[in-house]
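Please keep the sequence and the 3D view open while reading.

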Amino acid sequence: MGPLARGTHGGHATRVASGTVNDPAARTSHEVDVAVHGETHDGRQALLAIGEAKWGDVMGVGHLERLRHIRSLLTRSGAATEATRLYCFSGTGFTDELHHLAKDDPTIQLIDLLRLYHGE
């Protein structure tokens, strides 16, 4: 994750991958672009974050809701918790509504190109 600040992940990242999450009720699966595995501040192994990356799309609340749904599926299976962070990576930016939601919620992290390449 390069220069992102330590507090971004909510713990110490040990592995970053992508993956697929099954959604049995909807009889489908969801692609996860970024899954950050690591240790929480108290030393427990955890899924620290999941994220979606869009190069040419402005990300909005719909992207966030998709990540929330995936997190809820992972929480039900015991693989995540409500503390698992939601990352929105965008090369184009974010809607004002998404900025507003992320402003006071540390579980929502908006990562544009400046933040990705140069840090906080």
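**A walk through the sheet and its core**

Cysteine 88 has leucine 110, in strand 5, as its bridge partner. Strands and helices here are DSSP runs (E, at least two residues, for strands; H or I, at least four, for helices), numbered from the N terminus. The model is predicted, so local features need pLDDT of at least 70 and side-chain atom pairs count only at pLDDT 80 or more, while totals for chains, interfaces and linings use all residues. Residues are numbered from 1 along each chain as its sequence is written, and side-chain values use heavy atoms, with hydrogens and water left out.

Strand 4 and strand 5 run parallel and are joined by 4 bridges; two strands pair if DSSP finds at least two bridges between them. Leucine 86 stands opposite isoleucine 108 in strand 5. Strand 3 and strand 4 also run parallel, joined by 6 bridges, and lysine 54 stands opposite serine 90 in strand 4. Strand 2 and strand 3, by contrast, pair in the antiparallel sense over 6 bridges, with alanine 35 opposite isoleucine 50 in strand 3. The hairpin of strand 2 and strand 3 has 4 residues between the strands, and glycine 43 in this hairpin takes a positive phi near 90°.

Taken together, 5 strands form an open sheet in the order 1-2-3-4-5, with mixed pairing. Strand 1 (11-23) and strand 5 stand at the edges with a single partner strand each, so one side of each is left without a neighbour in the sheet. On average, neighbouring strands of this sheet are turned by 25° against each other, direction ignored; axes are lines fitted to C-alpha atoms, for helices over the stretch in contact, and angles run from 0 to 180 degrees between N-to-C directions.

Next come the helices. Strand 3, helix 1 and strand 4 make a right-handed β-α-β unit, and so do strand 4, helix 2 and strand 5. A crossover is right-handed if, with the strands pointing away from the viewer, the path from the first strand over the helix to the second runs clockwise. Helix 1 lies across strand 1, strand 2, strand 3, strand 4 and strand 5, running at about 155° to strand 3. Helix 2 lies across strand 4 and strand 5, at about 130° to strand 5. Contact means heavy atoms within 4.5 Å.

How many residues of strand 4 are buried? The count is 6 of its 6 residues, where buried means under 20% relative accessible area, exposed over 50% and partly exposed in between (1.4 Å probe, protein chains only). Arg85, Tyr87 and Phe89 point one way from strand 4, and Leu86, Cys88 and Ser90 the other way. The structure holds 1 aromatic pair. The ring centres of tyrosine 87 and phenylalanine 89 are 5.8 Å apart and the planes lie at 90°, so the pair is edge-to-face. Rings of Phe, Tyr and Trp (its six-membered ring) pair if their centres lie within 6.5 Å; planes under 30 degrees apart count as stacked, over 60 as edge-to-face and the rest as tilted.

In soluble globular proteins, nonpolar side chains tend to be buried together. The largest nonpolar core in this model has 19 residues, and Ile50, Leu74, Cys88, Leu98 and Leu110 have the most contacts inside it. A nonpolar core is a set of buried Ala, Val, Leu, Ile, Met, Phe, Trp, Tyr and Cys residues joined through side-chain atoms within 4.5 Å. Two or more residues of this core come from each of strand 2 (28-40), strand 3 (45-54), helix 1 (61-76), strand 4 (85-90), helix 2 (96-103) and strand 5 (108-111). Helix 1 gives the most, with 5 residues. A second, separate core of 7 residues includes Val34, Val36, Leu48 and Ile111.

Leucine 98 is found in helix 2 and is buried, with a relative accessible area of 0%. Beyond its neighbours within four places in sequence, leucine 98 is in contact with Met59, Gly60, Val61, Leu64, Cys88 and Leu110. Leucine 110, with residues up to four places away in sequence not counted, touches Cys88, Phe94, Leu98, His99, Ala102 and Arg115.
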